[in-house]
Amino acid sequence: MNPSASQNIRPETVAKVRTGIPGFDSISEGGLPRARATLIAGTAGSAKTVFAVHYLAAGITQADEPGVFVTFEDSVADVRKNMLGFGWDIARWEKEGKWAFVDAAPDAEGPIAIVGDYDLGGLLARIEHAVKKIGAKRVSLDSLNALFVQFKDHAMLRAELFRITSTLKRMGVTVVFTGERIDEYGDVTRHGIEEFVADNVVILRNSLEEERRRRTVEILKMRGTTHQRGEFPFTLSSREGIIVIPLSQIQLTQSSSTVRITSGVKELDRMCGGGFFRDSVILASGASGTGKTLLVTQFMSGGFKAKERSLLFAFEESKDQLFRNAAAWGMDFAGMEQKERLMVVNRYPHAMAMEDHLVEMQQIIDDFKPNRVAVDSLSALERVSSLRGFREFVISLTSTLKQKETAGLFTSTSPSLLGGTSVTEKHISTLTDSIILLRYVESFGTMRRALVVLKMRGSQHDDAIREYTIDGKGMHIGDRLSAITGVLSGHTTFEGE
Amino acid sequence: MDALHLTLYVAGDTPRSRQAMANLERICVEHFGGRAKCATVDVLLDPEVADTERILTTPTLIRESPTPRRRVTGDLSDAQRVLAALGFSPYPSPQNP
């Protein structure tokens, strides 16, 4: 028995099979019920086939469980070809006896004539044979709707599908089958398959939200066992297939490390009580030109000097520009990159959906194993996302960093030059451990800059609003702006006025 | 004309299988006068062949030759429709002059 099942205090009567689909076993609290049938329902283009294939592929690669794929719609050649894109070499698994197809796609010989009563005895015999031949533990049937289009006797089909799933369940096989839906929020499937055949129902959605596509997965029911409720975002990765982002499972722990790391600016370290915590996430917010990118550059450079690995996700400026800027402040990004202790990743915010950005960033973090990560800027990403998608993104990224005890510096651009808060900070300030505000201050005909550490979870910090200057060596933080009030609101007044 | 070769695929020894076999035999005798070569395959005993022939529904009757191949599924209870589906204009039979 699965040792993780023993963590439940209540005895679990329904054993589950870990699907191996990233994130899905978390929201299903252990996977799919063993020797049961699960319907994967979704509209056209909702990744049903990918799910059905991924379920078998993960069985082969992670659990050494052979699988049978019954295709009713796509040709066997198409399935082999299409799924290579996800890195699944089905043809090889077929040769190794780990994968078998049952080809039930519409016949090239044309529609079949029907004279009298019939059933799906031929199909059942072939599936049973394939399961026995390779010792399959998993079977995917994709998609049942093609059957309902081809054969008009729907009562017969329902009875036969029930017979097929019952037979497979008796053989100890865990079945996944797909069915098409018409609406994202209507009947579960077009032909009401679920009532007859499915013990469990999972819905895949691909809905438009604020003009953007958003993929989610929801477990609608799972007979006799518990699961997470609601919709969870997922993405299709060319490296891993389906990746579910199990938000509710993400625990946003506060920074627990007492180890401090340098921000790259000595005076700022002092203001924070000795540097940032090693596993903390810091939001730096300020108007355009206040020095957010400089702060990021110094954060990266400070990491290099401390023999750490630094990773920068840049969504606003090109690599050339970032390297030029760094050089102008006396920091050699090219040299750091050469020593493989700095990695700069440039992306266009609008090039991908938020979930795709997230998964790619998590993969890069996994590969590069940085000690510190900067995102410049979050606001650029927020502009291409829905509010919910953005919050989920920040929660997931923050959680990834914390799990890896990695420090994160996120920047956000406030829309007004003087005072005011950015939309970004309004929505995510509770998710970060520290907030640093960078502000312009108008003062007797000159524009000065001021900085304040607003919050420092788990530590004392300097609550002075301090002036800072920027020169060829970077940022210099000076004295408290004692004669000026209203810096944060942007309505400065001067004492003695 | 090539020899008429028909294969009937059934799933096990069920009333429906026996019905289809009986109906086919009658059609062969009455309409082809024994000139047709008829074979029966039980997919439960020979699933590999069912796989090669991509049999989904049973009973299924396939006209192997002459080509092009044609398929009919069901218990073959209506001889005239079976013949039409196999591509033969219905023969006048003694029962239906």
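Author: Start with a cut-off: a residue counts as buried when its relative accessible area is under 20%. By that rule, 49% of the 97 residues of chain B are buried. Keep in mind that this is a predicted model.

Reader: What share of chain A counts as buried?

Author: Chain A has 497 residues, and 57% of them count as buried. The accessible surface of chain A is about 21000 Å², with 50% belonging to carbon and sulfur atoms. For chain B the accessible surface is about 4900 Å², and carbon and sulfur atoms hold 53% of it.

Reader: Why is A:Tyr118 called buried?

Author: The cut-off for buried is under 20%. A:Tyr118 has a relative accessible area of 6%, so A:Tyr118 is buried. Its place is the loop between β6 (113-114) and α5 (121-134) of chain A.

Reader: Which residues does A:Tyr118 touch, leaving aside its neighbours within four places in sequence?

Author: Contact means heavy atoms within 4.5 Å. In chain A, the contacts of A:Tyr118 include A:Phe151, A:Lys152, A:Asp153 and A:Met156. In chain B, they include B:Arg16, B:Thr57, B:Thr58, B:Pro59, B:Thr73 and B:Gly74. By C-alpha atoms, A:Tyr118 and A:Leu322 are separated by 70 Å, and they are 204 residues apart along the chain.

Reader: B:Thr58 and B:Pro59 were in that list. What kind of peptide bond joins them?

Author: A cis bond, with omega about -5 degrees. B:Pro59 sits in the loop between α2 (47-52) and β3 (60-65) of chain B. Chain A has a cis peptide bond from A:Asp376 to A:Ser377, with omega near -5 degrees. A:Ser377 lies in the loop between β18 (372-376) and α14 (378-382) of chain A.

Reader: Why is A:Glu29 called partly exposed?

Author: Buried is under 20%, exposed is over 50%, and partly exposed is in between. A:Glu29 has 32% relative accessibility, so A:Glu29 counts as partly exposed. It lies in the loop between α1 (24-27) and β2 (32-33) of chain A.

Reader: What makes A:Glu405 partly exposed?

Author: Its relative accessibility is 33%, which falls between the cut-offs of 20% and 50%, so A:Glu405 counts as partly exposed. The phi of A:Glu405 is positive, about 50 degrees, although it is not a glycine. A:Glu405 is in the loop between α15 (387-403) and β19 (407-413) of chain A.

Reader: Now the helices. What is the pattern of chain B along the sequence?

Author: It reads β-α-β-α-β-β-α. That comes to 3 helices and 4 strands. Chain A has 16 helices and 25 strands.

Reader: At what angle do α1 and α3 of chain B cross?

Author: Helix α1 (residues 15-32) of chain B and helix α3 (residues 79-86) of chain B cross at roughly 75 degrees, and their axes come within 11 Å. Angles of 65 to 115 degrees count as roughly perpendicular, so α1(B) is roughly perpendicular to α3(B). B:Ile27, B:His31 and B:Phe32 of α1(B) make the contact with B:Ala79, B:Gln80, B:Val82 and B:Leu83 of α3(B).

Reader: Why are both an angle and a distance given?

Author: Because two packed helices are described by the angle between their axes and the distance between the axes.

Terms used: Residues numbered from 1 in each chain as written. Chains lettered and ligands numbered in written order. Predicted model: local features only at pLDDT ≥ 70, side-chain atom pairs only at ≥ 80, totals over all residues. Heavy atoms only, no water. Helix = DSSP H or I, 4+ residues; strand = E, 2+ residues; numbered from the N terminus. Buried < 20%, exposed > 50% of the residue type's maximum accessible area, 1.4 Å probe, protein only. Areas by Shrake-Rupley, 256 points an atom, 1.4 Å probe, with all protein chains shown as cover. Axes fitted to C-alpha atoms, helices over the stretch in contact; angles between N-to-C directions. Parallel < 35°, antiparallel > 145°, perpendicular 65-115°, else oblique.
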